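Okay, thanks for coming, everyone. Let me put the model up on the screen and then we'll walk through it together.

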Amino acid sequence: MKNIFKKTHYIQLTPNPKNTNEANVPTGSWIKCPNCHELIYKKALKDSDFVCGSCKKHFRMDAESRLDSILDEGTFLEMFTELKTVNVLNFKGYDEKIKALKTKTKLHEGIMTGTGKIEGREVAIGVMDSRFLMGSMGAVVGEKVTLLVEMATEALLPVIIYTASGGARMQEGIISLMQMAKTSAAIKRHSDAGLLYITVLTDPTTGGVTASFAMLGDIILAEPGSLIGFAGPRVIRDTIKQELPDGFQTAEFLMEHGFVDKIVHREDMRSTLSGLLKMHS
Amino acid sequence: MKAWDRVLKARKKDRPTSLEYLDVIFDSFIELHGDRLYSDDKAIVGGLAKLGDIKVTVIAQEKGKKLKDKMARHFGSPLPDGYRKALRLMKQAEKFNRPIICLIDTQGAFCGIEAEERGQGEAIARNLYEMSALKVPIISIIIGEGGSGGALALAVSDEVWMLENAIYSILSPEGFASILYKDGSKAPLIVDEMKITANDLLNLKVIEKIIDEPEEGIEVHFDQTAEVMKKALIEKIEELSLLDKTTLVNRRYDRYRQFTYE
Ligand SMILES: [Zn+2]
């Protein structure tokens, strides 16, 4: 109770890197599952969609592997890669950081967007990638989501977005905040056109992405064990000066509280999405 | 004036809060409570009022004055319940064709276990989504602090204004300094580059208008400032009310659509 006098309880949109779901061991051909401690052969990881064979823990997954695992082979058509990240606040070192990340991850920005097919049905799809500045949303991520949704509204396509983001991109300041309004407005128009929007929340989904397009799906799916929330757990812990309950802000916690339609194991995701699309065709 | 001086002014203890503006700018205020889902969040005050001769819906973030009041309003940081109350009243305003005025003054949305349990992210997202297409004029004024998504959830509007010494930012300067410079105490040194002052935001087209504050301090000649705001609000609401609903909503869409840099 005492703390309430000292500190106001508020949150701001902060990227909150949390590494527990990262199967990210760069050297050697074996990695140890951080959950069950079993050794996993690295090359087998991609074949198992980055899921631990023994305890079924879902590791983080890069955007390209996700598209491979969801879409019919060879159907992905990437779009909107001509957009350039602009250092609108003239933030020191930002341009260099973006350039280095592009080289390192071979990504255009924090999300891949385009069209593809799932069991023959065409969809507009966006997949965020947490390797790119924690999938944070600046003007390019916001613009790609908006263009994707607007294109889908025009072409009468359903939209599927996989979220993975620490929130707003600090280096773009208030312009990042505006992306939340911009993307939400585009989704509203898509919805008003009677079209289907599905979000798949993956680890981690927090901050300004949770508080905009992640939570606006007609149907919201989540991968097991994902961290999903508005404020990051560290920020909450520091604010309330209390340990957080077990399982707080997991996909399971969100479903329990009514904010997620269904938790779907990665191996069932493609068939689940396909089934949902079929129900709306 | 340096940005940091404005941060201090925006947070100053005797800076007028929403209820004082409500008192001077509006007549016949009738407060309406509750989100019809869970509770009545006192960080957001909402209801019906007259702005001159115009019937409006007013929604305001209130930080509170005395400690007990501040605590009851959790220092102006709304719970999801507050945002849902705001949305309920905005939908009601749309039904009865009343313009909406939002007063913004928050460090950010409430941070805590209960806010996460009740879907803080969903509540904010829903407001952005619905406000983008409401068929009545919406004007939001940042009177003190405009903290992040907690402020934006009441600021998807036809125009957003700021008082001269208000701030509007993605994160508190302390939080920004702590993330990007690993040292929150560097906030006064780096706050300029965040571009959080009314002037900066006018240049970035994030806001349309700056309301001047008296040099002696807004608390000294408060009524004067509030009267200026009242006059400007009446003029703008009259102007926006002339637009047909489709034009109004399309213009609002374009207002946010422009934040693209290539
Ligand atoms: Zn395992």
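This is a predicted model: local features need pLDDT of at least 70, side-chain atom pairs count only at pLDDT 80 or more; totals for chains, interfaces and linings use all residues.

Residues are numbered from 1 along each chain as its sequence is written, chains are lettered from A and ligands numbered from 1 in the order in which they are written, and side-chain values use heavy atoms, with hydrogens and water left out.

α8 of chain B covers residues 173–180, and its buried residues are B:Pro173, B:Gly175, B:Phe176 and B:Ala177. Helices here are DSSP runs of H or I, at least four residues, strands are runs of E, at least two, and both are numbered from the N terminus. Buried means under 20% relative accessible area, exposed is over 50%, and partly exposed is in between, with a 1.4 Å probe and protein chains only. Among the things covering those buried residues are α1 (3–11) and α9 (187–194) of chain B.

There are other positive phi values, in chain A. A:Glu119 has phi near 45°; it sits in the loop between β4 (111–118) and β5 (121–128) and is partly exposed at 43%. A:Leu156 has phi near 55°, in the loop between α5 (139–155) and β6 (159–165), and is exposed at 58%. For background, most residues other than glycine have a negative phi, and most peptide bonds are trans. On that note, A:Asp203 and A:Pro204 are joined by a cis peptide bond, omega about -10°, and A:Pro204 is in strand β7 (197–205) of chain A.

Now the metal. Which residues hold the zinc ion? The protein donors are the SG atoms of A:Cys33, A:Cys36, A:Cys52 and A:Cys55, 2.3 to 2.4 Å away. A donor is an N, O or S atom within 2.8 Å of the metal (3.2 Å for Na, K and Ca), and water is not among the atoms, so sites may look incomplete. Along the chain the spacing reads C-x2-C-x15-C-x2-C. The donor angles run from 105 to 112°, and the site is tetrahedral, which for four donors takes all angles between 85 and 135 degrees. A:Cys52 is buried at 1%, while A:Cys55 is partly exposed at 25%.

On to the packing. The largest nonpolar core has 166 residues, and A:Leu273, B:Phe26, B:Tyr168 and B:Val206 touch the most other members. Helix α6 (173–192) of chain A gives the largest share, nine residues. Apart from that core lies another of eight residues, including A:Cys33, one of the zinc donors. A core, by the way, is a set of buried Ala, Val, Leu, Ile, Met, Phe, Trp, Tyr and Cys residues joined through side-chain atoms within 4.5 Å.

Last, the interface. 62 residues of chain A are in contact (heavy atoms within 4.5 Å) with 56 of chain B. The buried area is about 5300 Å², 70% of it from carbon and sulfur atoms; that is accessible area lost on putting the two parts together, 1.4 Å probe, summed over both. Three salt bridges cross the interface, each a side-chain nitrogen of Lys or Arg within 4 Å of a carboxyl oxygen of Asp or Glu. B:Arg257 forms a salt bridge with A:Glu150, with the closest N and O atoms 2.8 Å apart.

How values were computed: Four donors count as tetrahedral if all angles lie between 85 and 135 degrees; four count as square planar and six as octahedral if opposite donors are over 155 degrees apart and all others between 65 and 115; anything else is irregular.
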